[in-house]
Amino acid sequence: MNSTATEKNPERPDTDTVETKSNTASHEAAYPPPQQTGQSEPPPWAATATMEPAPPWWKNPTAVGGMVALVALMLVVIFLLPSWVSSPGQTTNTPEPASTPKTSAEAAASVAAKGPAESPWSEAQLAKQRREAQDILAKLLDKQRLLEKRQVNQWNQEGFEGAMASAAIGDEHYRQRAFETAKASYRTALSQFDALLAQSDVVLEENLNLGLEALNVHDAEQALKHLSLALAVNPAHNETKAAMVKAQALQEILPLITQSKQLQEQRELDLAMEQLVSAEKLDPTSDLVRDAKSALKQRITDRDFAKAMSSGYSALDQQQLSTAGKHFQRALKLKPQATDAKAALKQTQNQSTQNAINAQLQQARAFEDNEQWQEALTAYRAALNIDGNIVTAKVGEISAKARLTLDKQLQGYIDEPLRLSAPNVHQQASKTLNEAKAIPNKGERISTQITGLTIALIKAQTPITVQLRSDNITNVTLYRVGKLGIFSEHTMELKPGAYTLVGTRKGYRDVRKDITINAGGSPPIITIQCEERIASAG
């Protein structure tokens with residue numbers, strides 16, 4: 001017998017192993033040596049080999065009848081057996097027939113079968129053989145329980161029944177008190193049990209491997225079949241338990257994958273993905289679900305990409321550039337390397353840039369038409385900020401800047417006409433006026449400025465009659481003109497502008513008066529005289 005038949009699998013805790021000595025004692029207690037009644041031995045295997053627990057003896061009619069027979073037998077032994085046994089020393093003269101030599105066991109059995117004569121040696125031999133038979137029987141029971149625990153009927157019922165038959169044959173010999181022959185039959189059954197135990201390891205390994213192979217090809221039915229048998233051999237086998245969990249999950253996953261495929265055929269991709277998500281929850285490690293989900297995810301990506309591109313081009317055709325850009329960016333997010341999406345987004349950006357530039361140029365031209373040169377300059381510069389290479393914007397910036405400068409100069413002279421009385425300012429204003437006159441297609445504003453500056457330059461050179469009055473004591477001087485001397489009244493012609501009169505008188509504080517002669521105004525009358533006496537020292 002292969003020694004591996006009795007080795008313990010580390011994942012199969014053998015909780016049914018029973019110590020041989022304790023089993024021997026228990027079986028001796030269950031089957032004590034019979035009294036010298038001339039009856040056959042009870043069959044120990046038949047009494048213990050049943051695979052189902054027996055009902056209580058008082059519910060079994062056969063057991064009740066047996067108990068009644070046992071009580072009757074005890075009465076016979078107590079009251080009648082002593083009269084049958086001859087007194088000590090009594091012998092018979094009947095010669096024994098010649099016989100062939102017998103073994104000690106057969107001799108003991110023969111003597112026991114002859115009748116109630118006392119034969120201690122024979123009884124001792126029989127008791128020894130009985131104990132040996134019961135020792136083997138104890139091992140048989142241990143292995144029987146272990147095989148039943150490993151569900152032997154599911155994988156080798158025929159072999160198990162054969163071993164049970166060998167044990168039953170041993171029972172028959174035991175019943176006839178042929179213990180040596182019974183031991184041989186029991187040993188045969190024991191060897192058959194050992195072979196079955198060794199086979200159980202093979203059954204476990206083979207069915208585990210077959211179950212794993214079925215899982216690899218996604219055959220849930222075959223996986224469950226083989227793994228169930230492997231678990232029947234050893235319910236605590238961790239690898240088999242884990243494989244069984246996957247097989248049970250696969251059994252639920254396959255219908256979900258089928259439903260997902262059907263929904264995909266109907267182009268219900270999102271609903272199809274929901275089925276695969278449910279399947280993934282059943283077994284997050286399933287390669288079948290992972291591959292199906294990956295393929296469906298690609299289909300969904302392709303669908304969403306096409307939808308985003310279509311929406312983008314539609315918005316682009318309607319000049320909804322912001323909306324188009326969002327759609328193309330969505331498409332690029334789905335497929336970052338998609339060249340068509342990149343090109344579409346670039347086209348949208350270019351169009352958006354060009355539109356922004358055109359808008360600034362259009363505004364600039366509108367400001368130019370209204371001679372709003374500061375605003376026009378700002379618009380041209382905004383266009384150049386978008387694209388610094390735009391020639392139109394560059395030229396427009398230069399023109400707007402020059403016109404803005406000219407506009408400020410013209411308006412400055414008009415707003416401060418007194419400055420024109422200064423020869424150099426008058427000269428510069430005249431030059432500016434000529435530049436303004438040279439501009440073609442003059443607008444309303446510059447035309448008005450040209451007229452206004454022309455009038456201002458003329459007025460700046462037209463003298464105004466000014467009447468001065470004093471006390472005929474104060475000595476008067478007009479800066480930029482000269483000394484006027486002492487007078488009561490003095491009339492003179494002055495060009496528009498700012499002037500300063502100074503009056504001096506001995507013993508009096510000097511008087512200073514600034515006057516402005518405005519063009520086109522009424523002739524002014526100006527009085528200047530020293531009136532504040534200076535206090536003398538001491």
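Helices here are DSSP runs of H or I with at least four residues, strands are DSSP runs of E with at least two, and both are numbered from the N terminus. Two strands pair if DSSP finds at least two bridges between them.

This is a predicted model, in which local features need pLDDT of at least 70 and side-chain atom pairs count only at pLDDT 80 or more, while totals for chains, interfaces and linings use all residues. Residues are numbered from 1 along each chain as its sequence is written, and side-chain values use heavy atoms, with hydrogens and water left out.

**The chain as a whole**

The chain holds 19 helices and seven strands. Of its 538 residues, 35% count as buried, where buried means under 20% relative accessible area, exposed means over 50%, and partly exposed lies in between (1.4 Å probe, protein chains only). The accessible surface comes to about 32,100 Å², and carbon and sulfur atoms account for 53% of it; such areas come from the Shrake-Rupley method with a 1.4 Å probe, and for residues only the protein chains shown count as cover. Among contacts between residues at least 6 apart in sequence, 60% join residues at least 24 apart; a contact means heavy atoms within 4.5 Å.

**The three-stranded sheet**

The other sheet to look at is also open: three strands in the order β4-β1-β7, with mixed pairing. Its edge strands are β4 (489-494) and β7 (525-527), each pairing on one side only. Here, too, the twist averages 25° from one strand to the next.

Leu468 stands opposite Ile526 in β7 and opposite His490 in β4.

| Strands | Sense | Bridges |
|---|---|---|
| β1 (464-469) and β7 | parallel | three |
| β1 and β4 | antiparallel | six |
| β2 (475-478) and β5 (497-504) | antiparallel | four |
| β5 and β6 | antiparallel | seven |

To find two of these pairings on screen, look for Asn475, which stands opposite Thr504 in β5, and for Thr500, which stands opposite Asp514 in β6.

Is His226 buried or exposed? His226, in helix α10 (residues 220-233), is buried because its relative accessible area is 14%. Its side chain makes a polar contact with the side chain of Asn207 at 3.1 Å. A polar contact is a pair of N or O atoms within 3.5 Å; within protein, one must be able to donate a hydrogen and the other to accept it, and residues adjacent in sequence count only if both atoms are side-chain atoms. Leaving aside residues up to four places away in sequence, His226 touches Asn207, Leu210 and Gly211.

Lys241 lies in helix α11 (residues 238-265). With 39% relative accessibility, Lys241 counts as partly exposed. Beyond residues up to four places away in sequence, Lys241 touches Leu231, Pro235 and Ala236. Its C-alpha atom is separated by 8.2 Å from that of Leu227, 14 residues apart along the chain.

**An annotated stretch**

Which residues does UniProt list for "coiled-coil region"? An unreviewed UniProt entry gives residues 123-150; UniProt positions are given in the numbering used here, feature names are shortened, and annotations may be inferred rather than shown by experiment. In the model, residues 123-150 are 96% helix and 0% strand, and the end C-alpha atoms of the span lie 40 Å apart.

Note on methods: Axes fitted to C-alpha atoms, helices over the stretch in contact; angles between N-to-C directions.
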